[in-house]
Amino acid sequence: MAPPLGLGKGRRTAGPAGPGRRSLLAGVAALGALGAAGCSRVATASTREGGDLLGRLRAQGVVRLGIAGEIPFGYIDKDGRLTGEAPELARVIFKRLGVDRVQPVPTEFGSLIPGLNSQQFDVVAAGMYVNPERCEQVIFADPDYQMLDSFIVRKGNPLGLHSYQDVVRRKAKFATGTGYAEIQYAVEAGYKQGDILIVPDQVAGLNAVEAGRVDVFAGTAITVREVVKKSAKAEATEPFAPLVKGEPHVDGGAFAFRATETRLRDAFNAELHRMKKSGELLRILRPFGFTKDEMTDLTAKELCGG
């Protein structure tokens with residue numbers, strides 16, 4: 001996808017029934033602050049080609065993960081444990097790379113790239129979508145998942161909304177989340193950006209649809225289908241690919257690294273590819289609602305624009 005920097009999921013969204021984005025961020029803040037105090041920051045640039053962060057992480061035995069407190073991508077569960085598709089995947093891969101522990105550093109989604117580049121943490125583990133604008137600031141591993149969009153609508157989908165073009169044609173009241181890629185998809189379809197209701201997350205989006213304040217909320221297929229499970233008033237539409245420059249577009253989420261750390265990114269990628277081939281990746285992600293449909297062979301190079 002190619003929305004402006006800061007749009008995108010990776011998001012990305014806050015979670016299914018349970019604490020919303022703000023409470024999740026509050027819950028991880030104390031853990032992140034305590035952990036960060038015990039770790040010195042790495043140098044801004046390596047003196048060796050490819051970076052030396054991997055060696056440093058092995059020596060200190062812990063890698064700091066930038067997360068955005070969003071279910072199912074990276075969050076603190078009700079027992080106070082760091083979990084989500086990205087942290088669980090990070091645990092396995094970094095263990096195999098010789099780094100025994102992962103430590104959460106919570107921040108707002110829009111602060112993940114600035115936080116990474118200012119060395120507040122070592123890697124972004126938040127399911128961040130890969131797009132050309134972000135690729136100018138960080139380097140990505142290949143995507144560990146792909147994602148389509150879906151809508152939250154009232155039961156029976158009375159306006160027949162199945163695409164952003166439908167939203168425009170039916171003059172539906174449209175909402176999506178803060179910093180979501182869906183903002184740009186709606187604008188590209190012809191929806192006026194100033195008319196979009198921006199809410200904190202898909203829990204707030206569900207509430208807006210149920211209360212009749214909007215006709216539709218747009219989010220990722222995986223988070224939308226989870227958040228409506230217990231709703232008596234709303235449902236999720238079938239997943240679909242938004243149009244970008246007239247062509248169906250599938251997003252891919254991945255881990256992000258500082259541009260100097262190609263050695264760490266390449267080592268991470270090697271382990272990730274082995275897990276894709278063996279099917280282990282799906283086994284790790286399945287408890288968070290991911291299915292075979294979310295598995296992908298997309299590459300960061302493709303999503304960065306070649």
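Which residue in β11 does I152 stand opposite? In this predicted model, in which local features need pLDDT of at least 70 and side-chain atom pairs count only at pLDDT 80 or more while totals for chains, interfaces and linings use all residues, I152 stands opposite F217. Residues are numbered from 1 along each chain as its sequence is written, and side-chain values use heavy atoms, with hydrogens and water left out.

The protein chain as a whole contains twelve helices and 15 strands, where helices (H or I, at least four residues) and strands (E, at least two) are DSSP runs numbered from the N terminus. Of its 306 residues, 57% are buried, a word that stands for under 20% relative accessible area, with exposed meaning over 50% and partly exposed in between (1.4 Å probe, protein chains only). Among the contacts with a separation of 6 or more, 75% come from residues 24 or more positions apart, a contact being heavy atoms within 4.5 Å.

The residue pair of the opening belongs to two strands, β8 (residues 149–154) and β11 (residues 216–220), which pair in the antiparallel sense over five bridges; two strands pair if DSSP finds at least two bridges between them. Both belong to an open sheet of five strands with mixed pairing, in the order β10-β9-β11-β8-β12. At its edges are β10 (197–199) and β12 (234–236), each of which pairs on one side only. On average, neighbouring strands of this sheet are turned by 30° against each other, direction ignored, with axes taken as lines fitted to C-alpha atoms, for helices over the stretch in contact, and angles running from 0 to 180 degrees between N-to-C directions.

Helix α7 (residues 181–189) packs on the sheet, where it touches β8, β9 (174–177), β10 and β11, and its direction makes about 150° with that of β9. Within α7, the residues A181, E182, I183, Y185, A186 and A189 are buried. An α-helix has 3.6 residues a turn, so residues three or four places apart point the same way. Just after α7, G190 takes a positive phi of about 115°. Helix α8 (residues 202–210) lies across β8, β10, β11 and β12, and runs at about 35° to β8.

Some loops deserve a look of their own. In the loop between β1 (62–67) and β2 (75–76) lies P72, which is joined to I71 by a cis peptide bond with omega about 5°. Q119, in the loop between α4 (112–117) and β5 (123–129), has a positive phi near 65° although it is a residue other than glycine, and Q119 counts as buried because its relative accessibility is 7%. K171, placed in the loop between α6 (164–169) and β9, likewise is a residue other than glycine with a positive phi, near 50°, but K171 is exposed, with a relative accessible area of 76%.

Rolling a probe the size of a water molecule over the atoms shows where empty space is left. On a 1 Å grid over the protein atoms alone, a cavity is a set of points where a 1.4 Å probe fits but cannot get out, and lining residues have an atom within 4 Å of a point. The count comes to one cavity of 30 Å³ or more, and the largest cavity holds about 30 Å³ of space, a volume being the space filled by probe spheres set on the points, which are joined across faces, edges and corners. Its lining is formed by V153, R154, N157, P158, L159, L161 and D215.

Note on methods
1 Å grid on protein atoms, 1.4 Å probe; cavity = no way out; pocket = protein on both sides within 12 Å on 5 of 7 lines; lining within 4 Å.
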